[in-house]
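This briefing is intended to be read alongside the sequence and the three-dimensional model. Please have both in view while working through the points.

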Amino acid sequence: MRIELFDPNTILGALLSGAIFLLVGLILSWVLRYAVGAALRHDQSDRIDQITLSFLSHLAVLVMWVILIVAYTRVVPALNRFGTALLAGVSLVSVVIGFAAQTTLGNLVAGISLVLYKPFRRGDRIQISAPTKDDFDVGVVEDISLGFTVLRTDDGRRIIVANGKMAQQTMIKLSPTDEQPIAPAPPV
């Protein structure tokens, strides 16, 4: 009787297996979030970049849930075909969304590379190409999200640059004491 209770071929067994997978997923999500929070709380020297750690923890939780869902559809025989169809459908939808949102996805991938490679950090003073009379602008990095980078200029303006553009342009990291921006070289 007990063995039949957990048999994934029965409805009750499939539901119990689903409950176990859900419980494991919730526990793993909590452990990942707790570990990230603990790392941030214990980092007194700000060596750990909060944006990177937060992004990586969200990505790890998403991957973990996808793996658990696929594993569940493989454990329950009645869901094997559904799981295969679901993966095929998700693949097709992702291709369609990918073509429709190329710019947005490009900014997302560029944001991931900016967060992981850290060519600049929050608080850095940088000079970027901008559509101004001087063809450049200078600002302090205020925020780096996965889609946009926000700079605050000396006169209080906020420059919001898509990460796709930010990753493709040449920027100059200035020291905090640099008053004068460096003029760009004349076009050749």
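The points below cover the nonpolar cores, a helix, the aromatic pairs and the salt bridges.

The model is predicted: local features need pLDDT of at least 70, side-chain atom pairs count only at pLDDT 80 or more, and totals for chains, interfaces and linings use all residues. Residues are numbered from 1 along each chain as its sequence is written, and side-chain values use heavy atoms, with hydrogens and water left out.

**Nonpolar cores**

- The largest nonpolar core has 11 residues, among them Leu114, Phe120, Ile126, Val141 and Met166; such a core is a set of buried Ala, Val, Leu, Ile, Met, Phe, Trp, Tyr and Cys residues joined through side-chain atoms within 4.5 Å.
- At least two residues of this core come from each of α5 (102–117), β1 (125–129), β2 (136–144) and β4 (158–162); helices (H or I, at least four residues) and strands (E, at least two) are DSSP runs, numbered from the N terminus.
- A second, separate core of 7 residues includes Ala14, Met64, Tyr72 and Val76.

**Helix α2**

- Helix α2 (residues 11–42) has 32 residues and reaches 46 Å from its first C-alpha to its last, close to the 46 Å expected at 1.5 Å a residue; the expected span is 1.5 Å times one less than the number of residues.
- Buried residues of α2 include Gly13, Ala14, Phe21 and Gly25, where buried means under 20% relative accessible area, exposed over 50% and partly exposed in between (1.4 Å probe, protein chains only).

**Aromatic pairs**

- There are 2 aromatic pairs in the structure; rings of Phe, Tyr and Trp (its six-membered ring) pair if their centres lie within 6.5 Å, and planes under 30 degrees apart count as stacked, over 60 as edge-to-face and the rest as tilted.
- Phe21 and Tyr72 are edge-to-face, at 5.5 Å centre to centre and 65 degrees between the planes.
- This pair links helix α2 to helix α3 (residues 50–75), across 51 residues.
- Trp30 and Tyr34 are stacked, at 5.2 Å and 20 degrees.

**Salt bridges**

- The structure holds 7 salt bridges, each a side-chain nitrogen of Lys or Arg within 4 Å of a carboxyl oxygen of Asp or Glu.
- One of them joins Asp154 and Arg125 (3.0 Å, N to O); Asp154 is exposed at 60%, whereas Arg125 is buried at 10%.
- Another joins Asp137 and Arg157 (3.0 Å, N to O).
- Arg157 also meets Asp155 (3.1 Å, N to O), and shared partners join Asp137, Asp155 and Arg157 into one network.
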